[in-house]
Amino acid sequence: MAEQDSDYELLTEIAVAYYEQEQTQEEIAQRFGISRIKVGRLLKKARHEGIVEINVKYHPVFSSQIEQQFIQHFGIKRALIALDHHDEDEQRQQVAALVSNYLATILKSDMTVTVGQGRNVAAVANHVGIFPERACRFICGIGGTKRDGQLIDADHISRNLARKFNGFSETLYAPAYVETPALREAFIQNRLIKATLEQASKADVALIGLGDMNENSFMVQLGWFTPQEIITARQEQGVVGDLAGYSFFNIQGTPVDTVMNDRVIGLSLEQLRTIPCVIAIASESTKATAILGALRTGVIDVLATSASNARTVINLQKAL
C-alpha cells in the first residue's frame, strides 16, 4: 500500500510540474533524475490513472466559425476542433477528449458502433472521464493486428469503449492484413468473418482514423506495406491519404486503385459510406492534405482534428 501511495505521489508531482508549473519534460527529467522518455510514460500513466483529466476548452466563437466553414464547404455534420499543442501526444489526447465527449452525447442504447484502429482511435477509448451507461455494441470494422508495446488494434479499442460505456464488444476473428488478394478473399468468404463485417457495415456510428501517405506511417511500421509502395502511390498515383488504414484516395477524394488494395480485411469505402455517422480522427499536423481529400470523398460526417489542421484545410480548399 505504501509503495502504491509513493507511485501516486510521484505521478502527481510530475503532473503538477508539467501541467501547472509548465516545466518541459527535459526539465522534469533533470529534476527527478530520470530519462525524458520515462517522464513521457509517467505523464501518460497519470492520465490513465485519472490523476490528470484533460478537458479541452476553446472560445465558442472560434469553434463555431471554423465549424460552419467545414459544414458549408464539405457538407459534414460536425467539426470537432481542438486547440493546438506542440506535443504530438498531447495534441492527440486533446482531440480524443472532444471525440469521447461527443460520443457520450450521441450514443443511445441499442446502437452499434463500428470501431477502427490506430493511435488516434485508441486515444478516444483511453480517455479518462465519467460516461453514461449505454447498452451499445462496439464491433470491429477491421481485423486484428499486433504491435509490441502499443494496444491500438480494433479489438482492444472496441473492448475499452465497451467498458467505458458499459456496453458490449464483438471481435472480427480475422487478421487485419494478409499477403495477397486471393488470401483476403478466402478469409472474407468465411461465414463468421462475413457475418461480422456485414453487421459492422450496418452500424449507426463508425469511429475511424485518417492516415497520410508517409513512408514512416503506421501501416509501414506494422509491415503491411513497404515504404516504396507508399512512395509510388503518392508520387505516381497522386494518393494523399487513406480512411481506416486502407481505403486510398487522391486530393479530389477519388478512390485510387493501388497495389496495396485488397490486402486488408475490413470495411470498404463504400460500406463506410452507408453508415449514418462516420467520425474520422486526424490529430497530427502532417495530415491536412489527407484531411482535405478524405472530406471530398463524401464519406465523413464528423471530423475531429486540431485548429492548425482545420485552418490549413480551409486554405487548401480554396487553392486546390
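Colleague: Which helices and strands do the buried residues of H6 pack against?

Modeller: Bear in mind that this is a predicted model. The buried residues of H6 have both helices and strands as packing partners. On the helix side these are H5 (88-106) and H7 (154-165). The strands are S2 (112-115), S5 (205-212) and S8 (277-282).

Colleague: And which residues of H6 are the buried ones?

Modeller: Helix H6 covers residues 119-126 and is mostly covered, with six of its eight residues buried. Those buried residues are Asn 120, Val 121, Ala 122, Ala 123, Val 124 and Ala 125.

Colleague: Let's take H7, then. Are H6 and H7 roughly parallel or roughly antiparallel?

Modeller: The two helices pack at an angle of about 25 degrees, and their axes are 8 Å apart. Angles under 35 degrees count as roughly parallel. H6 and H7 are therefore roughly parallel.

Colleague: What is the handedness of the crossing, and which residues make the contact?

Modeller: H6 passes H7 in a left-handed crossing. From H6, the contact is made by Val 121, Ala 122, Val 124, Ala 125 and Asn 126. From H7, the residues are Ile 157, Asn 160, Leu 161 and Lys 164.

Colleague: How many residues of each class are in that contact?

Modeller: Asn 126 of H6 and Asn 160 of H7 are both part of the contact, and Asn counts as polar. By class, the contact of H6 with H7 comes to six nonpolar, two polar and one charged.

Colleague: Over to H5. Is Arg 92 buried or exposed?

Modeller: Arg 92 lies in helix H5. Leaving aside neighbours within four places in sequence, Arg 92 is in contact with Arg 119, Asn 120, Ala 123, Ser 283 and Glu 284. The cut-off for buried is under 20% relative accessible area. Arg 92 has 6% relative accessibility, so this arginine counts as buried.

Colleague: What about Gln 93: how far apart in space are Gln 93 and Val 124?

Modeller: Gln 93 is also found in helix H5, and at 15% relative accessibility Gln 93 counts as buried. In sequence, Gln 93 and Val 124 are 31 residues apart. C-alpha to C-alpha, their separation in space is 7.7 Å.

Conventions
Residues numbered from 1 in each chain as written. Predicted model: local features only at pLDDT ≥ 70, side-chain atom pairs only at ≥ 80, totals over all residues. Heavy atoms only, no water. Buried < 20%, exposed > 50% of the residue type's maximum accessible area, 1.4 Å probe, protein only. Helix = DSSP H or I, 4+ residues; strand = E, 2+ residues; numbered from the N terminus. Contact = heavy atoms within 4.5 Å. Axes fitted to C-alpha atoms, helices over the stretch in contact; angles between N-to-C directions. Parallel < 35°, antiparallel > 145°, perpendicular 65-115°, else oblique. Left-handed = near helix turned anticlockwise from the far one by under 90°.
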